[in-house]
Amino acid sequence: MSRLGPSSRRSVWRYISLSSGSRGIPENGIALVPAGRDSTIAVSHTQEERLLAGGGRHFPVSTFLRLDGPLDTVALRSACDAAVNRHEGTRISFAMSGSLARIKIADHLPSDYFQEFLLPPKGNISERVARAVEILSDYSEQPFDFVVGPLFRVALVSVSANCFLLGIIMDHIIGDGWSRDIFVRDMLQIYDATVMGIRHDFPDLPIQFPDFAAWERKFLTGNRLTRLVSHWRASLAGVDPIPSSRLIDPNAPGGIPHCRAVNTCVDGSVKRQLDAYIRGTSTTMFALVAAAVKAAIFAMRRESGEDPEGAADVAIMASAANRIQREIRDAFGYFATPIVLRTNLSGNPTLSELFQRESRTTLTALRYQQLPHALLIKHLNPTQYGVRHVSNIDAAPRYVNFDIENKVYREEIRPGGIDVTLVRRPVAAPRGGLRIWGTDSGQKLWISLFYRSDLYSDAWSEQFIDYVENILEGTARDPSRPLQELA
């Protein structure tokens, strides 16, 4: 393993995101079919929480792409327009009337949704790219108007004759990370066909996001809703829907909260052994890393003096794609929802047993992901309804957020002869205090721990990620070892 500093890394723009979209409860006869467009459609439960209880906080989801090569900017603009026309979700805004919120769908976006910026020819290319990132970052922080719209925008910064930065920016209320990648995929495929002089015809999307929102309102009623709520009520007994991490750093620096990060990389023989372990046990890298994170939480709680039995009951928050139905796999919208992963680490299990427990936890949670977290909170703890979205960062409970993406590298795709590189950008201070993000690129597993600078010191955070490393390394060497030998 190698400890890494913050950096930008080259990435192919196509990848398969870990989603868990293949498991779910039966639809029980409630068909997911196109809804009428003769009137406005009720918002999804997740959107409703944000609109009615979220305090109007800005939640941009943005992707910055570096485009190197002879870019045809007219063709790029045309490709963006075509992708916007394909996906109704990019053209959504909202009608508000008291406690009622409805989806509005624009026939098209105003022409200024696509902005172009030209940098003056000063400085070297690295300095100018950095300046372009600043421009896009500032642009992405401009708030959206939920009622007026649009809630989707694109910006292109010309750095030089053969270097451009493209920003795809939306408010989270209309789209998730999966949707962002769908848009980028479709846009680049259309661009490639356009510059090659080839007609590119996508098959019609069977379902758009407003159809899903209308279906969700029908599906989450009666016995189905009761059964889903009952499952989570039993699973989270004694734990809030936004579970407290109970992690305390006695040397917390205090002050103004900023985001700091410590990163590590699992590669070489350790990564190969972990991959072999996963194949041999039918588990996943998601469950493997989630278990290692929970083991680190367990160890840090014990060190703070918490009772071992209490410390062993660990719940973190992760993200589920919630795209169980095949019809919405390629749709743009806000389908994703947080899920709570709660696992008991008591009894000093072996690492192998720990991972099996975590696999069961993950699979069970994914089976019930169709109950969105917003509706779960409304039923189980209404006082927490909307608190993850309010403006005051300290209003959110101190919790741990965990996600991992599985990047499967394929052939290098160069649309129209353009090299496409994902540009990493600074991450906002995690509202819950800690965010763990993993990326499995095949040969390497990157793990980043983002932490609030006022709540956790650098030394505490280094120790936390050391525990994660120890668990993963221990698994590679001998998964039969007891957990408490390593955490």
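## Buried residues and helix packing in a predicted model

Thr283 is buried, with a relative accessible area of 9%; buried means under 20% relative accessible area, exposed over 50% and partly exposed in between, with a 1.4 Å probe and protein chains only. The structure is a predicted model, in which local features need pLDDT of at least 70 and side-chain atom pairs count only at pLDDT 80 or more, while totals for chains, interfaces and linings use all residues. Residues are numbered from 1 along each chain as its sequence is written, and side-chain values use heavy atoms, with hydrogens and water left out.

**Overall form.** The protein chain holds twelve helices and 15 strands; helices (H or I, at least four residues) and strands (E, at least two) are DSSP runs, numbered from the N terminus. Its radius of gyration is 23 Å, which agrees with the value near 23 Å for a compact globule of 487 residues; the radius is taken over C-alpha atoms, and the globule rule is 2.2 Å times the number of residues to the power 0.38. Along the principal axes, the C-alpha atoms fill a box of roughly 65 × 60 × 45 Å. Buried residues account for 55% of the 487 residues. Of the contacts (heavy atoms within 4.5 Å) between residues at least 6 apart in sequence, 79% join residues at least 24 apart.

| Residue | Relative accessible area |
|---|---|
| Thr283 | 9% |
| Ser137 | 16% |
| Ser245 | 1% |

Thr283 lies in the loop between helix 7 (268-281) and helix 8. Apart from neighbours within four places in sequence, Thr283 is in contact with Tyr277, Ile278, Phe355 and Ser359. Ser137 belongs to helix 3 (residues 125-140) and, not counting residues up to four places away in sequence, touches Phe64 and Arg425. Ser245 is placed in the loop between helix 6 and strand 9 (259-266). With residues up to four places away in sequence not counted, Ser245 touches Ile297, Arg301, Arg398, Tyr399, Val400 and Tyr456. The C-alpha atoms of Ser245 and Ala315 are separated by 7.3 Å, although these residues are 70 residues apart along the chain.

**Helix 8 and helix 10.** Helix 8 (residues 285-303) packs with helix 10 (residues 351-367) at an angle of about 110°, their axes being 9 Å apart. Axes are lines fitted to C-alpha atoms, for helices over the stretch in contact, and angles run from 0 to 180 degrees between N-to-C directions. The two helices are therefore roughly perpendicular, the class for angles of 65 to 115 degrees (under 35 is roughly parallel, over 145 roughly antiparallel, and the rest oblique). From helix 8, Phe286, Ala287, Leu288, Ala290, Ala291, Ala292, Lys294 and Ala295 meet Leu354, Phe355, Glu358, Ser359, Thr361 and Thr362 of helix 10.

**Helix 6 and helix 11.** Helix 6 and helix 11 (residues 373-380) pack at an angle of about 75°, with axes 11 Å apart. Helix 6 is thus roughly perpendicular to helix 11. Leu225, Val229, Trp232 and Arg233 of helix 6 make the contact with Leu375, Leu376, His379 and Leu380 of helix 11.

**Helix 5.** Helix 5 (residues 209-219) is largely enclosed by the rest of the structure, because nine of its eleven residues are buried. Among the buried residues of helix 5 are Phe209, Trp215 and Phe219. Their cover includes strand 2 (41-42), helix 1 (45-53), strand 4 (92-97), strand 5 (100-105) and helix 6 (222-235).
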